[in-house]
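This report describes selected features of one protein, going from the packing of helices to the pairing of strands and then to confidence. Please keep the sequence and the structure in view while reading.

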Amino acid sequence: MAAAFGEEELENQDYYSLLNVRREATQEELRASYRRLCMLYHPDKHRDPELKKQAEQLFNLVHQAYEVLSDPQSRAIYDIYGKRGLEMEGWEVVERKRTVTEIREEFERLQREREERRLQQRTNPKGIISVGVDATELFDRYDEDFEDVPGSAFPHIEINKMHISQSIEAPLTATDTAILSGSLSTQNGNGGGSINLALRRVTSAKGWGEVEFGAGDLQGPLFGLKIFRNLTPKCFLTTHCALQFSSRGIRPGLTTVLARHLDKNTMGYIQWRWGIQSAMNTSVVRDTKNSHFTMAFQLGIPHSFVMVSYQHKFQDEEQTRVKGSIKAGFFGTVVEYGAERKISRHSVLGATVSVGVPQGVSLKIKLNRASQTYFFPIHLTDQLLPSAVFYATLGPLVIYVAMHRLVIKPYLEAQKEKDLEKQRESSATDILQKKQEAEAAVRLMQESVKRIIESEESKMGLIILNAWYGKFVTDKSRKNEKVKVIDVTVPLQCLVKDSKLILTEASKAGLPGFYDPCVGEEKSLKVLYQFRGVLHQVLSADLEALRIPKQSHKIDADG
């Protein structure tokens with residue numbers, strides 16, 4: 001005989017699942033479900049001392065759930081705070097006497113305060129590390145010139161430039177933020193660094209302003225001012241003016257961007273830049289669920305160009321994106337194409353091939369890890385060599401497929417299994433208690449189920465022949481995974497009323513007689529039932545509402 005479940009189990013019970021009602025259930029629905037469960041679990045209906053004790057505990061739990069959900073104030077507190085909110089002492093007791101609206105307003109106020117505290121503790125670090133690689137000797141060298149040089153059998157590959165930048169945000173108040181950033185750069189043995197401090201204030205819901213101070217060893221002190229303003233609900237303006245102090249004097253600069261929503265998914269931009277590299281730029285950007293399109297035109301010194309780019313977004317789990325662009329101007333023409341894919345929860349890996357005149361061929365590898373970006377531009381050749389284009393395209397693809405199958409996929413699967421194992425271990429005691437509760441509930445249901453089956457058989461009604469709940473393996477590629485299900489035939493039959501079974505949109509693990517047999521994994525409910533003498537079968541997702549019988553569940557006699 002399984003031991004009775006303890007107080008901790010009562011704490012974790014979902015009252016809505018226990019009563020099998022919607023979260024929007026009316027008082028009539030609550031009352032009907034409560035009466036039905038009271039008849040099932042009433043202690044006076046059981047003579048066996050052990051069953052009577054278990055029935056008393058379940059009866060008290062059902063009564064507690066009904067008391068909370070039938071009282072509007074207690075129900076509002078339970079919906080917002082959970083069961084702990086009902087047990088708070090001190091000022092929280094006073095809050096219970098408020099109306100439902102007042103309780104929700106109080107909760108929203110507390111949420112805003114918590115968000116502000118979290119905001120003040122967050123630094124939001126962002127960083128970029130860029131390492132430039134010169135690999136032109138792989139495709140562009142005269143072998144006879146190096147025949148007598150030691151080690152000349154291997155092409156010489158070197159790092160010719162590097163850039164590191166980092167920034168952190170320090171919220172001072174709900175409207176003020178300090179941003180500290182710095183960068184270090186080196187190229188061919190020469191380099192330098194800079195540091196910047198910006199203070200941003202949100203002046204209203206329509207705009208903000210930012211003051212910037214900077215200094216570096218390559219450039220002199222910097223003073224800047226940036227203003228953002230929503231002009232209309234569909235139009236905004238950004239202006240950035242700066243003064244760069246150097247040994248050659250003061251170099252002013254001004255950049256203004258005017259943007260407008262052309263439709264739900266399309267933005268239009270006009271940018272004017274005066275000072276260093278003055279230019280006028282206009283662009284249209286269209287971003288939808290499946291694609292991202294950009295077209296830009298610029299007139300400026302020293303560069304004027306036309307650019308068109310397109311990106312297709314695949315709706316797969318890895319969020320794969322394929323992109324291509326062409327850019328032509330006074331500097332020449334560049335064609336780029338590439339792809340990026342999510343390789344873990346916080347990491348995105350991408351590769352882009354750049355082919356241009358007179359730039360040559362380059363391969364750009366980029367890894368985004370949370371708020372950090374790692375960028376590796378690899379220059380392959382100064383000429384348009386078909387071999388460089390071929391290997392730049394095929395090489396990353398082959399390496400990625402091999403790495404994904406041999407390293408990334410096994411690692412992610414092992415990590416997922418490790419996380420599931422930790423979750424199972426941490427909830428092992430709780431699951432054991434839930435299992436004992438389910439077994440006790442099933443024993444208490446036996447007599448009621450017999451009466452329900454007799455009643456349904458007499459009118460050719462709904463008979464649950466078999467029902468399983470848990471993890472089913474239907475995909476042949478996952479045939480090595482273990483099936484983890486429990487028999488819930490009796491609990492489901494007990495819920496049948498007037499030849500109907502209705503389950504709400506909630507996890508079925510909270511239903512009487514159920515428990516979670518596979519914590520952290522996807523679960524389903526599979527039911528084989530008979531209605532009017534005909535076999536039916538249905539497979540329902542864990543959080544999906546279910547109503548049976550249905551014509552669509554009928555098993556084809558010819559199949």
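At what angle do helix α4 and helix α10 pack, and how far apart are their axes?

## Packing of α4 and α10

In this predicted model, helix α4, which covers residues 49-70, packs against helix α10, covering residues 428-458, at an angle of about 105°, and the two axes lie 10 Å apart. Because angles from 65 to 115 degrees count as roughly perpendicular, α4 and α10 are described as roughly perpendicular to each other.

On the α4 side the contact involves L51, Q54, A55, L58 and L61, and these meet E437, A440, A441, R443 and L444 of α10. Sorted by class, the contact of α4 with α10 holds 7 nonpolar residues, 1 polar residue and 2 charged residues.

## The open sheet of four strands

An open sheet is built from 4 strands in the order β19-β18-β21-β22, with antiparallel pairing. The edges are taken by β19 (484-487) and β22 (534-541), and since each has a single partner strand, one side of each is left without a neighbour in the sheet. From one strand to the next, the twist averages 20°.

Within this sheet, strand β18, residues 462-471, pairs with β19 in the antiparallel sense over 4 bridges, and Y469 is found opposite I486 of β19.

Strand β5 (residues 207-216) and strand β6 (residues 222-232) run antiparallel and are joined by 8 bridges, with G207 having R229 in β6 as its bridge partner.

Between β6 and β7 the hairpin passes through 2 residues.

## Confidence of the model

The protein has an average pLDDT of 83, and 85% of the residues score at least 70. Confidence is highest in strand β12 (residues 305-313), at 96, whereas the lowest value, a mean of 41, belongs to helix α7 (residues 91-95).

The pLDDT is below 50 over residues 1-12, a stretch that has 27 contacts in the model beyond near neighbours in sequence. Over residues 89-97 the pLDDT is likewise below 50, and this stretch has 13 contacts beyond near neighbours in sequence.

Technical notes:
Residues numbered from 1 in each chain as written. Predicted model: local features only at pLDDT ≥ 70, side-chain atom pairs only at ≥ 80, totals over all residues. Heavy atoms only, no water. Pairing = 2+ DSSP bridges. Axes fitted to C-alpha atoms, helices over the stretch in contact; angles between N-to-C directions. pLDDT = per-residue confidence, 0-100. Contact = heavy atoms within 4.5 Å. Parallel < 35°, antiparallel > 145°, perpendicular 65-115°, else oblique. Nonpolar A, V, L, I, M, F, W, Y, C, P; charged D, E, K, R; others polar.
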